[in-house]
Structure formats: C-alpha cells, structure tokens
Amino acid sequence: MVAWIKKSARLASLALAIAGIILVPATLAAGRPNILLIVSDDQGWPDLGCMGLKAIQTPHLDRLAKDGVRLTNYYVTWPACTPSRSSILTGRQPLRNGLYDMVRNDLVNYGHRYSEQEYATSPEMTIGLDPREITIGNVLQSAGYRCGMVGKWDMGQARRYLPLQRGFDFFYGHGNNGIDYYTHERYGIHSMFAGNARSKSDQGVYATDLFKREALRFIRENQERPWFLYLCFNAPHGASSFGPDEKNPKSRSGVQAPDEYVAKYRDAKLSENLKRYYAAVTCMDDAIGEVLALIRQRGEEHNTLVIFQSDTGGSGNGGNAPLRGQKSTLWEGGLRVPFIARWPGKIPPGRVSDEFLTTLELLPTLATAAGAAPPRGVQLDGYDMLPTLAGSAASLRKEMFWEFREQKAARIGNYKWLESEQGRGLFDLATDIGEKSDLTSKQAEIATDIAARWAAWRKQMHETEPRGPFRDY
C-alpha cells in the first residue's frame, strides 16, 4: 500500500510541475472571460441550502451550483483568515509566501482599546503580505484585465500592502481581518477604505450592502475590457467589537445581520445567535444574487467565470457535522470548505464532484482562463483545475500538507494524518469523513510514511526563498 501511495505521489508531483509550466492552452487563450471570485468568511462546509444538511436559505448560491459544479472535497491552506487568503491571492503555501500567521492585534482579546497612535505602530498597521509576492491581481492586470477588490482584504493596511499597490485598479473594503458590520470599526478603530484612504462616508450602513453596491459599481463601470472582481464578504464572521455600543445601537458582539433577514428564521428552532448567523449568510446570498443578475442583464453570463468559496471552515455556528472540528483546527471542519464554479459552455451544469482540490489551484486556473502568463521565477504550489471542474480529467492533486502553529496534518490520497493539541491519528476519509476511527495501530506503516512526508515538505518550505513578515532571516 505504501509503495503504491509513493508512486502515485511521484506521478502527481511530475504532473504538477508540468502544469505549472504550461498554463495557457491555445484553446482557452483565445477567450477573454470576465472573472468573479467570491469569498465568504468562516462559512462552514455544510452551510449552503443545496448541501441539504441545514435549513439555511441560499437560493442564489444553490442556483449557481445547479448551473455549474459544486466540489465536496475542496480545502484551504490554513484554518483561519489571513494565511488562507494569502494562498488564494498568490497560489503559494503560507510557509512559502511568508504570511503564515494572523495579522491582528491580540491585545483586544483582553479588552484593550487602541488609541490612534497605538494603532499606527501595531501589527495590524505595520505588517502584511510581502511586497515581493505576486498576486492574481498582478497576473491578470498584466494581461489587460481591469481588476477590482471589494470587501475584506486582510493582507495589511499600510499603503504598500493595500490592493491598489498589489495589482488592483479599484478597492473598497477593510484592510484588516474583521470589523463591526455597521460602525466599520475594528475594536474602536475605523477600518473602511475607499482606495488608499480610510472613509467614514458610509458609516452606519451594513457592510454586506456596501460590498454589493461597490461590486455592482465596478461591473457597471467596466465595459471596454475584461474584468476581474475579487469580492470578499466579511459575512458570516463575527463582528470585531467589544459588544453593544450606546452610540451605535446596532452594534453587538457575535454575528450581525439586518432585522429583516433575522425575521426569515423567526419560526426556526434556533438560538438567537444562530438565527443571526443564518441571516447573515442569506443576506450575503441575496447580494450575490444581485451581482449575478447584473452580469446576466448585461449579456455577460456566458462569458463570465464565477467561483465561490469560503476562506476557512465554519467557526462553530451550528456545527460542521458530519465533519469534525471547526475553524482554528486541522480537523476537516477547519480545512474543508464549500466551493462552486460556473462557466457556461466550459463547465457542464449540475455536477457534484468529489475530486480533491485546494485554493492553491486558484491562481493558475484563473491565469489559464484569462490566457495570462504565469508569474516568472515564482514557484507555484497548484495547477490549472479547469479540466477537473469540467469533468474531463481527474484531479492531479494527490497530497496536501498543513502546519498551524505547532499542529501538523497531511492528506495523501484518502488518508488523513494529524498531530495536534486537539488530538492525533490516521483516518481514511473515504469511509470516515468525521475522523472518528484512528487507524494508526492497524496501519502503522502508512502513518509513519505520511509523517515522514510531512517532515520532508516542511524542510522544503524552510529551504524556499524567505519571505516576511514572520520568518527569521
């Protein structure tokens, strides 16, 4: 069994290397589709109506899945926001691109309220994605695309880190990893940007509505050349506030949602917090529906590749069953996320695929779709997954490795190996998606082999050209 796994991994590595070189097939380079990449925040793997596991209302995303493909075996590279999003943007493992932990001020955990002066020199203002890293914005902008970023950026807030300096022509959103949905403050510091400057002009308006408005604006104002919109909602992440604020009556801790959306779950047997979580997802779904409707009205639906995914596993709102664990763990509930893709004429409708894929595939896939050249001299960790999304080829991904602080995990084929403070073991995901039955004693040779592969991967990450902000070099 181990010999077979090693052989398949070598073949996958060879295929990955080839795919990293040949990113622009002639059949696709002739097309210039618009690209809409939508990312939600902490939305769990089961938290779509079309999954059929929860009474959560997501009719627009359900229709998107019906018109395209939904993946059930899709992973992020880190079980929390910042490093996960760094891989979405760069196509590289967090340990390779340098942003392998959170960009946040942890004193808020103890109730500390930063002054403007303190905030100016805090981690949230002084660190971010290494300026040497090439983003998908850079790649598509160089190929002639008009690139917009709306919503949660989370790659740093100093000007050198903001989207307009990272390959994007348009930016409206927040630079850090969380805000209050109404005040747009992060623990008392105003955090909404229009371009390179903070703006309070929309304070008091629900963030999802603002991101919808700006997404619609970007699409309407770009008709002369193909566009790429990176649309990142902060929903359904909890609000980054200390709780109720007398000056802002809608401010509260936990997930925030408009009253009219909470009312949609009035008769559901749910806790109040869970009703707000479901409501935030449904409100986001309506916003996505309006964006998709505009694309349809403009006659661009058949020439637009739309991708939707969450940035991490669910944070525990309502649970991630049948998956084990949640955000900030390396169990499946922290790493496996919902994914939908639609591209009429290229991706057949109504497909549900169990192929093994990750966010590392996004940059090479979007580059291929756009006919864009891959970044020169950059080691990517993924490959074009369009053939797999279309159902014409099996996934080339056979293995994946994770490090979350002192926790380790790997997936080789259907085997998942994990060592963490929450537990450890070897699991066969083909028969045990809930990671309940530890096979270490029965399959000790496989467990040992996967642990050795994880160590070899970690050594490779250490030997790669160093990037900041966390690495010591």
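Contact, in this talk, means heavy atoms within 4.5 Å. With that in hand, take histidine 190. Leaving aside its neighbours within four places in sequence, histidine 190 is in contact with Thr183, His184, Glu185, Arg198, Ser199, Lys200 and Gln203.

A word on the source. This is a predicted model, where local features need pLDDT of at least 70, side-chain atom pairs count only at pLDDT 80 or more, and totals for chains, interfaces and linings use all residues. Residues are numbered from 1 along each chain as its sequence is written, and side-chain values use heavy atoms, with hydrogens and water left out.

Back to histidine 190. It sits in strand E7, residues 189-190. Strands (E, at least two residues) and helices (H or I, at least four) are DSSP runs, numbered from the N terminus. Is histidine 190 buried or exposed? Buried, because its relative accessibility is 7%. The cut-offs: buried is under 20% relative accessible area, exposed is over 50%, and partly exposed is in between, with a 1.4 Å probe and protein chains only. A polar atom of the histidine 190 side chain lies 2.6 Å from the backbone oxygen of serine 199.

Next, cysteines. How many disulfides does a search of the whole structure find? The count is 0. A disulfide here is a pair of cysteine sulfur atoms within 2.5 Å. Take cysteine 50. The closest cysteine sulfur is in cysteine 283, 18 Å away, so that is too far for a bond. Cysteine 50 is partly exposed, at 26% relative accessible area. Now cysteine 81. For its sulfur, the closest cysteine sulfur is in cysteine 232, at 11 Å, again too far for a bond. Cysteine 81 counts as buried because its relative accessibility is 1%.

Cysteine 81 also belongs to helix H4. After H4 comes glycine 91, with a positive phi near 70°.

Last stop, strand E12, residues 339-342. Now its partners. Two strands pair if DSSP finds at least two bridges between them. Strand E2, residues 69-71, runs antiparallel to E12, joined by 3 bridges. There, leucine 71 stands opposite phenylalanine 339. Strand E11, residues 304-310, also pairs with E12 in the antiparallel sense, over 4 bridges. Valine 306 has arginine 342 in E12 as its bridge partner.

Terms used. Polar contact = N/O pair within 3.5 Å; in protein donor to acceptor, adjacent residues only side chain to side chain.
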